[in-house]
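Dear colleague,

Please find below the structure that I am handing over to you. My notes on it follow directly after.

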Amino acid sequence: MGRTIRFGVSLDSELLEKFDDLCEDRCYQTRSEAIRDLIRNTLVQQEWEQDDKELAGTLTLVYDHHKSDLAQRLTEIQHDSHDMIITSMHVHLDHDNCLEVLVLKGSGSGIRALAQQLTSTKGVKHGKLNLTTTGQDIA
C-alpha cells in the first residue's frame, strides 16, 4: 500500500450533511473511510465493464427440483464451466424448492455468460449474479 496523502474536498453544505448521515447510518468512523469505500466501489464497478478482466462473484439460483430434469440440466451446464466454479452450496429450502450458490472466478464475459445460461434455464425461478473484485488491483 502507498503512503497516505491528505487532500481537501469542497462540498455544498446540504450534500455534506447527507454524506454525514450516510456515514452515520453505515457506521463509518470517519469521512475518510467512507470516501475510500466509495472510491473502491467505483473502481470495482469499472473492473466489471472489462470483459477480459478476471473477476469473482456469486450466482444464486432458486428452483423447484421436481421440474423435469432441471437439476440434471443445471449440473451439466456447471460441469461444462467447471473451470470458473470455485465451489457450490446446495440448500433445501422446503419440500420443493432448492437454493444453490455458486462461487465463480474468471473473465467478466465468461462469468456473465455462465450466469445468463443458468438463470435462463427453463424452471429456474430466480437467479442473481453478484460480481466483485479478486482484490488484485484494489488498495
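Strands (E, at least two residues) and helices (H or I, at least four) are DSSP runs, numbered from the N terminus. The model is a predicted one, in which local features need pLDDT of at least 70 and side-chain atom pairs count only at pLDDT 80 or more, while totals for chains, interfaces and linings use all residues. Residues are numbered from 1 along each chain as its sequence is written, and side-chain values use heavy atoms, with hydrogens and water left out.

UniProt, in an unreviewed entry, places the feature "binding site" at His79, His90, His92 and Cys98; such annotations may be inferred rather than shown by experiment, and the positions follow the numbering used here, with feature names shortened.

Cys98 belongs to strand S3. Its relative accessibility is 1%, so Cys98 counts as buried (under 20% relative accessible area; exposed is over 50%, partly exposed in between; 1.4 Å probe, protein chains only). Beyond its neighbours within four places in sequence, Cys98 is in contact (heavy atoms within 4.5 Å) with residues including Leu61, Tyr63, His90 and His92.

His90 lies in strand S2, residues 85-92. Because its relative accessibility is 38%, His90 counts as partly exposed. Not counting residues up to four places away in sequence, His90 touches Tyr63, Cys98, Leu99 and Glu100. The side chains of His90 and Tyr63 are also joined by a polar contact of 3.4 Å (a pair of N or O atoms within 3.5 Å; within protein, one must be able to donate a hydrogen and the other to accept it, and residues adjacent in sequence count only if both atoms are side-chain atoms).

With kind regards
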